[in-house]
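Please read them with the model open.

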Amino acid sequence: MEIKELGHLVLYVRNLERSATFYRDVLGWRQVFPEPDGANALGIPAAAFSSGRTHHELLLIEVGEGAAALPRGRRVGLYHFGLKVGDSDDELRAVLAQIAEAGVQIAGASDHTVTHSLYIYDPDGNEIELYVDVPGVDWRNNPALIAAPIRPLRL
């Protein structure tokens, strides 16, 4: 077997409307399901989003406000997922301004040599990395750059 690409993520969320608003209106994903008329053939509260690369890259499934919170700290499971938001620090600065205007708290910012990254949380506490690849960094010919020491990001 050979993995060709990461296809999609599925997240359980407490409140579908709140999370769909975040992923659609704050992060800019295109909602592809349910249809604008609200029809939902799955029979469960769910919403799918796409960047246009494939049919869907993100699926949200509502599990209710009573669902347990994600534990913090060292644990097994998802740490974060990364979303490429551009190709330059100027684009990352624009993203920073946009998410700050939307009231999204920045959890961190890192210079990973190969990427410049902002870290945020979605409404359910899932950590998201918003990043740009650093132009001119040739990690394909020097894979050691991927594990370079992490430095504070200065935008």
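1. Start with the aromatic cluster. This is a predicted model. In it, Phe 22, Tyr 23 and Phe 49 form one aromatic cluster. The count of aromatic pairs comes to 2.

2. Phe 22 and Tyr 23 make an edge-to-face pair. Phe 22 has a relative accessible area of 7%, so it is buried. Tyr 23 is buried as well, at 0%.

3. Tyr 23 also pairs with Phe 49. This pair is tilted, with 6.5 Å centre to centre and 45° between the planes. It links distant parts of the chain. Tyr 23 sits in helix H1 (residues 16–26), while Phe 49 belongs to strand E3 (residues 46–50). The two residues are 26 apart. Phe 49 counts as buried because its relative accessibility is 0%, under the 20% cut-off.

4. Now the charge. Asp 122 lies in a loop, between strand E7 (115–121) and strand E8 (127–133). Asp 122 is buried, yet has no salt bridge. How far away is the nearest side chain of opposite charge? That side chain is Arg 72, at 7.5 Å. A salt bridge needs the charged atoms within 4 Å.

5. What does the side chain of Asp 122 make a polar contact with? The partner is the side chain of Tyr 23, at 2.6 Å.

6. Setting aside residues up to four places away in sequence, Asp 122 touches Leu 11, Phe 22, Tyr 23 and Ile 128.

Technical notes:
Residues numbered from 1 in each chain as written. Predicted model: local features only at pLDDT ≥ 70, side-chain atom pairs only at ≥ 80, totals over all residues. Heavy atoms only, no water. Helix = DSSP H or I, 4+ residues; strand = E, 2+ residues; numbered from the N terminus. Buried < 20%, exposed > 50% of the residue type's maximum accessible area, 1.4 Å probe, protein only. Lys, Arg positive; Asp, Glu negative; His and termini not counted. Polar contact = N/O pair within 3.5 Å; in protein donor to acceptor, adjacent residues only side chain to side chain. Contact = heavy atoms within 4.5 Å. Phe/Tyr/Trp six-rings, centres within 6.5 Å; stacked < 30°, edge-to-face > 60°.
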